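The following exercises concern one protein structure.

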Amino acid sequence: MKKKIYITILFLQLTLVLYGQSYTQADIYNYIDTYASVAVEKMNQHGIPASITLAQGILESGAGQSDLAKFANNHFGIKCHNDWSGQTYHKDDDAKDECFRKYKSPQESFEDHSHFLKKNRYAELFTLERTDYKAWAKGLKKAGYATNPQYAERLVKIIEDYQLYRFDNNTYKTDSSSIVDTILPEKKDKPQSVASEKRSILKKGLDKLKPQQKPQTQELPPQEYQELGRYQNLIPVEYPYTNRPVYKNNGLYFVVARTNDTYYHIAVDVQLGVGELKLYNEVPHQKYEPYPGEWVYLQKKNSKGDVPIHIVKKDETIRSIAQQYGIRQNALRKLNNLQKDENLRIGRKLHLQ
């Protein structure tokens, strides 16, 4: 029982960065540029590969964009526990109003993260070669660092995509004005700064990919969804937590369910809890699974739509309409004074705002 409580209190929650948080490639480069030297310093002090520290920081703090990182300087999601006497930050997570450590600076968070990994649970990690980032990633997962079954693979992907393994050998110039410029010299398309990248995105409209850039294997909803005019020609958007095509509707991220998909399969792919995913999508009962082509939201749906009205069509239900527009069912009922079990009449005008 003690061990269970210890794990629950101290678990670094991967899902912290997924509650409404997103980040761009520019944010990742900026994060590396800002914190690589800190990660290397902690590596030399404590023996934890800088690549692992950076990858965990990127993954768990949303490249520094999570509320926890912004308001509590907490880049690794460490919760409060009995021996913490510092400042705290409260945030809903697994339970309401949970207590997280608040640091004076991000550097303090990196230091605390290093001490956390020196607990007995992770002792075997320090028998590994410092340059064997794959073994470290697998070791973290094996020791119970995160519940996501693909946690190790996610870390390795980040490390390899951004060549963070180079930091484990100190093979960068410490006098460089930008570590990113040194560590990734061949990355010709890297942004000069977060600000310039965001300006570029606004200018080019790259919050969604251009039609010619759509993947050849892009998965689109079935024909009946495509016939809904507002959903034609869906274009994938950037989303860092999954290899599935991700789209946006009413400001919300969603994926399209595949044949034989379950909420468990999707949850694993997008790094969310199964219950969390079902809650976001207001499943009618616990055994319900998404049908091929159904839209599965990765965030809590909104209280209003992005268009004013919807005309009810044959076989539509409150839930199907709520899914179409990314609105919570209760909000839709409230906007239209609908009773919970009230049937919808074909041709009825429903207010979405």
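A disulfide is counted when two cysteine sulfur atoms lie within 2.5 Å. The model is predicted: local features need pLDDT of at least 70 and side-chain atom pairs count only at pLDDT 80 or more, while totals for chains, interfaces and linings use all residues. Residues are numbered from 1 along each chain as its sequence is written, and side-chain values use heavy atoms, with hydrogens and water left out.

**Exercise 1. Determine which residues form a disulfide, and describe the bond.**

Step 1. The torsion about the S-S bond of C80 and C99 is about -65°, so the disulfide is left-handed.

Step 2. Helices (H or I, at least four residues) and strands (E, at least two) are DSSP runs, numbered from the N terminus. C80 lies in the loop between α4 (67–72) and β1 (88–91), and C99 lies in strand β2 (residues 98–101), so the pair ties together parts that are 19 residues apart in sequence.

Step 3. A residue is buried under 20% relative accessible area, exposed over 50% and partly exposed in between (1.4 Å probe, protein chains only). C80 has 14% and is therefore buried; C99, at 22%, is partly exposed.

**Exercise 2. State how β1 and β2 run and how many bridges join them.**

Step 1. Two strands pair if DSSP finds at least two bridges between them. β1 and β2 are joined by four bridges and run antiparallel.

Step 2. The covered face of β1 holds Y89 and K91, and the uncovered face holds T88 and H90.

**Exercise 3. Describe the sheet that contains β4, and what packs on it.**

Step 1. The order is β3-β4-β5, an open sheet of three strands with antiparallel pairing. The edge strands are β3 (247–249) and β5, each of which pairs on one side only.

Step 2. Axes are lines fitted to C-alpha atoms, for helices over the stretch in contact, and angles run from 0 to 180 degrees between N-to-C directions. On average, neighbouring strands of this sheet are turned by 45° against each other, direction ignored.

Step 3. Three bridges join β3 to β4, and N249 has L252 in β4 as its bridge partner.

Step 4. Contact means heavy atoms within 4.5 Å. Helix α13 (residues 318–325) packs on the sheet and touches β3 and β5, its direction making about 70° with that of β5.

**Exercise 4. Classify the ring pairs that F254 forms with Y247 and with W295.**

Step 1. Rings of Phe, Tyr and Trp (its six-membered ring) pair if their centres lie within 6.5 Å; planes under 30 degrees apart are stacked, over 60 edge-to-face, and the rest tilted. The whole structure holds 15 aromatic pairs.

Step 2. For Y247 and F254, the ring centres are 5.5 Å apart and the planes stand at 35°, so the pair is tilted. Both Y247 and F254 are buried.

Step 3. For F254 and W295, the centres are 4.1 Å apart and the planes stand at 15°, so the pair is stacked. F254 lies in strand β4 (residues 252–256) and W295 in strand β5 (residues 295–297), so the pair ties together parts that are 41 residues apart in sequence.
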